[in-house]
Amino acid sequence: MDVVNVYSPTGNYLAQLDVAVWRAVKLNGYAEGGFEMAVTDVKYLDSLLRVGNIVHVQNDKLPDWTGFIDIPRTWNDSRIQINLQSAEIVMEYRLTPIVQEPRQPIGKGFVKMLKFASGWP
């Protein structure tokens, strides 16, 4: 079973969900994921399932996966399906300044971009 931790958009820990997450990884882009939850689950709360919340998934057999709760959502009488976008999507929505310095490793510049893009206005 997956260990699924939910955080607010500012990084504050909210809760751990008991759900199985399907997720994908895409080279040089963002990918999707998702999970289903019973509407009778005690953790079926707007504060946890709010669009923009961060979801971090850990599993013994797969690499860690981090993403954001997104739309669309699908409901039926007893379950809701939550859509996730992998964390790389933050680079689509937030512009960053040029951070590369001469003779600096590319990875160091990318970390600076991620920190800037993840900043909360």
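**Figure 1. The largest nonpolar core of the predicted model.** The largest nonpolar core comprises 17 residues, and L17, F35 and L84 have the most contacts inside it. A nonpolar core is here a set of buried Ala, Val, Leu, Ile, Met, Phe, Trp, Tyr and Cys residues joined through side-chain atoms within 4.5 Å. Buried denotes under 20% relative accessible area, exposed over 50%, and partly exposed the range in between (1.4 Å probe, protein chains only). Two or more residues are given to this core by each of β1, β2, β4, α1 (46-49), β5, β6 and β7 (79-86). The largest share, three residues, comes from β7. The structure is a predicted model, in which local features need pLDDT of at least 70 and side-chain atom pairs count only at pLDDT 80 or more, while totals for chains, interfaces and linings use all residues. Residues are numbered from 1 along each chain as its sequence is written, and side-chain values use heavy atoms, with hydrogens and water left out.

**Figure 2. The surroundings of L17.** Leaving aside residues up to four places away in sequence, L17 touches V4, V6, F35, M37, K43, L48 and L49. A contact means heavy atoms within 4.5 Å. One of these residues, V4, stands opposite L17 in β2. In soluble globular proteins, nonpolar side chains tend to be buried together.

Figure 3. Seven strands form an open sheet in the order β2-β1-β5-β6-β7-β4-β3, with antiparallel pairing. At the edges stand β2 (13-17) and β3 (22-23), each with a single partner strand, so one side of each is left without a neighbour in the sheet. Two strands pair if DSSP finds at least two bridges between them. Helices (H or I, at least four residues) and strands (E, at least two) are DSSP runs, numbered from the N terminus. The chain has three helices and seven strands, in the sequence pattern β-β-β-β-α-β-β-β-α-α.

Figure 4. Strand β1 (residues 3-7) is joined to strand β5 (residues 54-58) by five bridges, and the two run antiparallel. Within this pairing, I54 of β5 is the bridge partner of Y7. Four bridges join β1 to β2, again in antiparallel fashion. Two bridges link β3 to strand β4 (residues 32-38), also antiparallel, and W22 has G34 in β4 as its bridge partner.

**Figure 5. The aromatic pair Y7 and Y13.** A search of the whole structure finds one aromatic pair. The ring centres of Y7 and Y13 are 5.6 Å apart and the planes lie at 70°, so the pair is edge-to-face. Rings of Phe, Tyr and Trp (its six-membered ring) pair if their centres lie within 6.5 Å; planes under 30 degrees apart count as stacked, over 60 as edge-to-face and the rest as tilted. Y7 is partly exposed at 22% relative accessibility, and Y13 is likewise partly exposed, with a relative accessible area of 48%.

Figure 6. In the hairpin of β1 and β2, which has five residues between the strands, G11 takes a positive phi near 95°. The peptide bond from I71 to P72 is cis, with omega near 5°, and P72 lies in strand β6 (residues 65-75). Most residues other than glycine have a negative phi, and most peptide bonds are trans.
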